[in-house]
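Visitor: I would like a close look at one part of this chain. Please take me through the helix packing near its end, and then through the core.

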Amino acid sequence: MRNTQTSFLQASLLMACAFLTSCLTQAEEIRIGSINHAMPRLIVTQGIMEHIYQRLGLTMILVKFPPKRSLIEVNNGAVSGELARATVIEANNPNLIRIPYRVGTIKLMAIQRTQQPDIKHLAELKGMRIGVLRGFRTTESMTDALPREMYNDIPGLFKGVIHGRIDVALFPKIGGEQYIRENQLEDTLVISKQPLIDIPIYHYLHNRAPKTAQALTTEMKKMQATGELQSLIKQHEQSF
C-alpha cells in the first residue's frame, strides 16, 4: 500500500513539474511579426534579435504576414512587435515603441539591365519607370510621384526589369546581390555602384509591452557601448 501511495505521489509530482515547465516555456516566448518575403536583410535581423532576446531569457517566435498586414497586426496588438522597419512607419502606427538602436541599414540600390548608365542619385530616377515591392512604406513614399509598378513578390520585381516592363527596380543591396548570384543573372542585370540612400531600420514593440521594451533598450544600450551590437550585425551580414 505504501509503495502504491509513493508511486502515486511521484507520478503526481512529475505531472506537476511537467505542467509548470510547460507554462514557463510558454511565458518565455514573444511573438514578433515580420514580412513574408525571404529577404537576406530580414534573415540577418532575425538572427540578431533572436540572440538579444535570448540574453533576456526570451524565445522570439516569428509570425510572418504580407508587408502591409504585418504593420496592421502589430499596431493592433495581435503580435508583440515588428522585427525591423524604417521610422517612416511611425506616423500611421501610433501603438508602436521604437527600440532606439538600429539593427541594420538598408542600402537601397538601383537594379537595371546591363549596359545602362549607372544611377548615382535619387534625382536621376525622374522620367524612369520604377518597380518596388508592395507594402514597403519607404520605397512606396519615395516613388509616389514617379511612374511606378508595384510587385507582390521578389521574382516578379526582377522579371519586370528583365522583360523591360520597368526601367529600374529599387531593392536592398545584399538581397539584390544574392538574387542575381543565385539566378545567374550577372550578364543580364547590374546593381548601382553605390546606394541611392541608406535607411536605418529598428525593432519595434507594441506599447502593451513597456517592460520588455525597457529591458531591450537597456541591453542594446550596453551592447552598443561595448561594440558588441555592431559586431553582431556585421557577423550576421557576412553570412550573405
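Guide: First, the setting. The chain has eight helices and 10 strands. The model is a predicted one. Of the 240 residues in the chain, 43% are buried. Take the contacts between residues at least 6 apart in sequence: 75% of them join residues at least 24 apart. The chain exposes about 13,100 Å², and carbon and sulfur atoms supply 53% of that area.

Now the helix pair. Two packed helices are described by the angle between their axes and the distance between the axes. Helix H7 covers residues 210–226, and helix H8 covers residues 228–237. The two pack at an angle of about 85°, with their axes 5 Å apart. An angle of 65 to 115 degrees counts as roughly perpendicular, and H7 and H8 are therefore roughly perpendicular to each other. By class, their contact has four nonpolar, three polar and one charged residues. H7 brings Met220, Met223, Gln224 and Thr226. H8 brings Glu228, Leu229, Gln230 and Leu232.

Stay on H7 for one more residue. Glutamate 219 lies in this helix. Buried means under 20% relative accessible area. Glutamate 219 is at 10% relative accessibility, so this residue counts as buried. Setting aside neighbours within four places in sequence, glutamate 219 is in contact with Ile52, Arg55 and Leu56.

The largest nonpolar core has 56 residues. Met49, Ile52 and Tyr53 have the most contacts inside it. Helix H2, residues 40–55, gives the most to this core: six residues. Look at tyrosine 53. Beyond its neighbours within four places in sequence, tyrosine 53 is in contact with Ile30, Ile32, Leu58, Met60, His203, Leu205, Thr212 and Leu216. In soluble globular proteins, nonpolar side chains tend to be buried together.

H2 also takes part in covering another helix. Helix H6 spans residues 173–182. Its buried residues are Ile174, Gly175, Gly176, Gln178, Tyr179 and Ile180. Their cover includes H2, strand E5 (104–113), helix H5 (154–162), strand E8 (168–172) and strand E9 (189–191). Just after H6, glutamine 184 takes a positive phi of about 55°.

Terms used: Residues numbered from 1 in each chain as written. Predicted model: local features only at pLDDT ≥ 70, side-chain atom pairs only at ≥ 80, totals over all residues. Heavy atoms only, no water. Axes fitted to C-alpha atoms, helices over the stretch in contact; angles between N-to-C directions. Helix = DSSP H or I, 4+ residues; strand = E, 2+ residues; numbered from the N terminus. Parallel < 35°, antiparallel > 145°, perpendicular 65-115°, else oblique. Contact = heavy atoms within 4.5 Å. Nonpolar A, V, L, I, M, F, W, Y, C, P; charged D, E, K, R; others polar. Core = buried A, V, L, I, M, F, W, Y, C linked by side-chain atoms within 4.5 Å. Buried < 20%, exposed > 50% of the residue type's maximum accessible area, 1.4 Å probe, protein only. Areas by Shrake-Rupley, 256 points an atom, 1.4 Å probe, with all protein chains shown as cover.
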